[in-house]
Amino acid sequence: MTLKQTPMKAKQAEFKDKEKPAQIRSSNIVAAKAVADAIKTSLGPRGMDKMIQDSKGEVTITNDGATILKQMKVLHPAAKMLVELSKAQDAEAGDGTTSVVILAGALLEASQKLLSRGIHPSRISDALLHFSTYALTVLEDMAIPVDLSDRNALLHSATTALNSKVVHEHCGLLAPMAVDAVCRLVDPAKDTNVDLNDIKIVKKLGETVEDSKLIDGIIFTQKTEAFGGPNKMEKAKIGLIQFCISPPKTDMDNTVIVRDYSAMDRILREERQYILNITKKIKAAGCNVLLVQKSILRTGVSDLALHLLAKQKIMVVKDIEREDIEFVCKAIGCRPVASLDHFTPEVLGTAELAEEIRAGSSKLVMVTGVQNPGRAVSILLRGSNRQVLEEAERSMHDALCVIRCLVKKRFLVPGGGAPEAELAVKVSSYGQTLQGMDAYCFRVFAEALEVIPSILAENAGLSPISTVTELRSRHAKGETNAGINVRKGWISNIVEENVLQPLLVTSSAVTLAAECVRSILKIDDIVHVIN
Ligand SMILES: Nc1ncnc2c1ncn2[C@@H]1O[C@H](COP(=O)(O)OP(=O)(O)OP(=O)(O)O)[C@@H](O)[C@H]1O
Ligand SMILES: [Mg+2]
């Protein structure tokens with residue numbers, strides 16, 4: 001009896017062991033694919049936008065894949081991996097965050113098909129690694145070298161990135177702004193990267209996106225202090241102080257009791273003298289525009305100080321955030337001063353003009369014509385409502401990232417689904433040279449790549465099947481640059497249409513998507529922690 005039961009139990013255990021990983025894998029794939037499906041309608045210039053409402057009722061309208069996914073309430077851990085994937089693409093390339101997720105979704109579907117044919121997940125994962133390495137070589141072969149002095153090429157790639165955004169009708173203004181901003185920061189001969197923190201985007205509600213501008217200098221969202229002082233200064237000598245111009249405070253909280261008027265007068269006189277002394281030293285250094293860092297311990301500039309500075313015709317902008325100090329110094333070419341003794345003429349930055357301007361219902365301070373500018377620029381974005389303004393900022397970020405990609409890796413590939421179609425053809429023919437399981441895997445991966453042109457066509461109202469078939473046949477004939485001309489609704493040489501995108505965007509999308517799918521395939525259990 002006992003002897004009979006033992007093999008039964010062993011059989012059951014073995015059965016369960018095999019079923020569970022398959023179930024987990026399948027549920028992971030289904031959940032991750034659902035994320036990809038959720039954003040596929042927003043791919044391409046004719047893609048739709050999403051309206052996101054958060055728990056406070058705030059509404060965001062966007063087309064940016066990373067933004068949509070970031071705000072989506074995703075519960076399944078595998079689905080969260082796709083959210084992370086789009087974040088990774090955002091950090092690496094800045095653009096292509098929708099494509100990468102769609103591509104991962106398609107590769108997952110392909111893997112599911114391969115799994116159902118009984119191929120072991122490790123074999124699929126190895127084939128995926130092989131596939132992504134091969135895909136990179138194909139992309140590099142078809143890439144067009146670009147020179148950073150070729151302004152038109154940069155403009156075209158920025159325009160391609162902006163094409164699919166809510167603010168696409170303003171790409172004639174935003175694309176040159178992005179190109180100029182990055183070009184001012186880089187030295188094409190030696191730079192291989194740009195720090196986008198050196199480009200400050202200032203958003204101000206009011207007017208329209210058309211009124212946005214690139215400023216060779218800096219913008220402060222604060223207004224000048226109105227104590228009768230100047231609010232426009234030509235030939236500005238700008239000083240940035242990190243100390244306070246207000247009565248000093250003791251370290252501990254104490255109370256001073258003043259019993260008679262003469263003592264009170266004396267205190268007031270002392271205070272006035274103390275502050276006058278500081279302001280005089282500032283004036284003596286030749287400063288006529290004073291920037292004051294925000295202080296949390298005590299008042300940065302007291303009213304009396306403001307009054308005295310105004311009398312000496314010094315324009316004051318206070319509450320400069322601590323984290324902005326580095327940028328301000330770079331943009332103006334001044335040095336931050338932490339103590340009055342170091343406030344000398346050498347620490348001042350010089351600019352043609354510092355003036356307060358009116359922007360809608362509020363005011364801004366703009367410093368232009370900086371003489372020894374470090375490498376920093378500002379972009380003033382305007383928009384008639386918060387949603388448009390925020391989307392304009394996100395779109396600008398994508399455009400800047402695209403130009404940064406070109407600084408990092410100076411190659412372009414055609415857009416409009418051309419690289420994916422070319423990859424599909426090449427991967428499939430390369431697969432035929434492989435042996436065994438890999439050959440089959442490559443065929444399935446090649447089909448998966450066609451998801452991008454297919455969705456681009458679908459979103460543009462074209463027939464996905466006939467468009468992809470035609471695209472495939474033209475690429476098979478050697479037309480590397482044949483892509484979907486979304487605006488005209490047919491397939492043409494997309495390079496002639498100037499739809500170009502950085503190689504880095506496409507290559508990192510393929511590598512990151514393959515990497516993500518490999519890690520999802522390797523998961524065979526989800527472990528829940530007790531607490
Ligand atoms: N004028 C155009 N004609 C054809 N295809 C275009 C055109 N402009 C852009 N595309 C294509 O649209 C796709 C990009 O779409 P979209 O910008 O919506 O998504 P993404 O770049 O993947 O993600 P995101 O911009 O949200 O980070 C690319 O494949 C690109 O080649
Ligand atoms: Mg894009």
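The C-alpha centres of domain 1 and domain 2 lie 54 Å apart. Domain 1 is made of two stretches, 17-145 and 413-521, while domain 2 covers 217-372. These bounds come from an automatic or database domain assignment. The model is predicted: local features need pLDDT of at least 70, side-chain atom pairs count only at pLDDT 80 or more, and totals for chains, interfaces and linings use all residues. Residues are numbered from 1 along each chain as its sequence is written, and side-chain values use heavy atoms, with hydrogens and water left out.

Now turn to the loops. Glu207 sits between strand E4 (199-205) and strand E5 (213-215). Strands (E, at least two residues) and helices (H or I, at least four residues) are DSSP runs, numbered from the N terminus. Glu207 is not a glycine, yet its phi is positive, about 50°. Its relative accessibility is 42%, so Glu207 counts as partly exposed. Buried means under 20% relative accessible area, exposed means over 50%, and partly exposed lies in between (1.4 Å probe, protein chains only).

Move on to Asn498. This residue is in the loop that links strand E16 (490-493) and strand E17 (500-502). Asn498 has a positive phi too, about 65°, and is not a glycine. With a relative accessible area of 33%, Asn498 is partly exposed.

Finally, look past helix H16 (503-522). Ile530 lies in the segment after this helix. Is Ile530 buried or exposed? Ile530 counts as exposed, because its relative accessibility is 89%.

Technical notes. Chains are lettered from A and ligands numbered from 1 in the order in which they are written.
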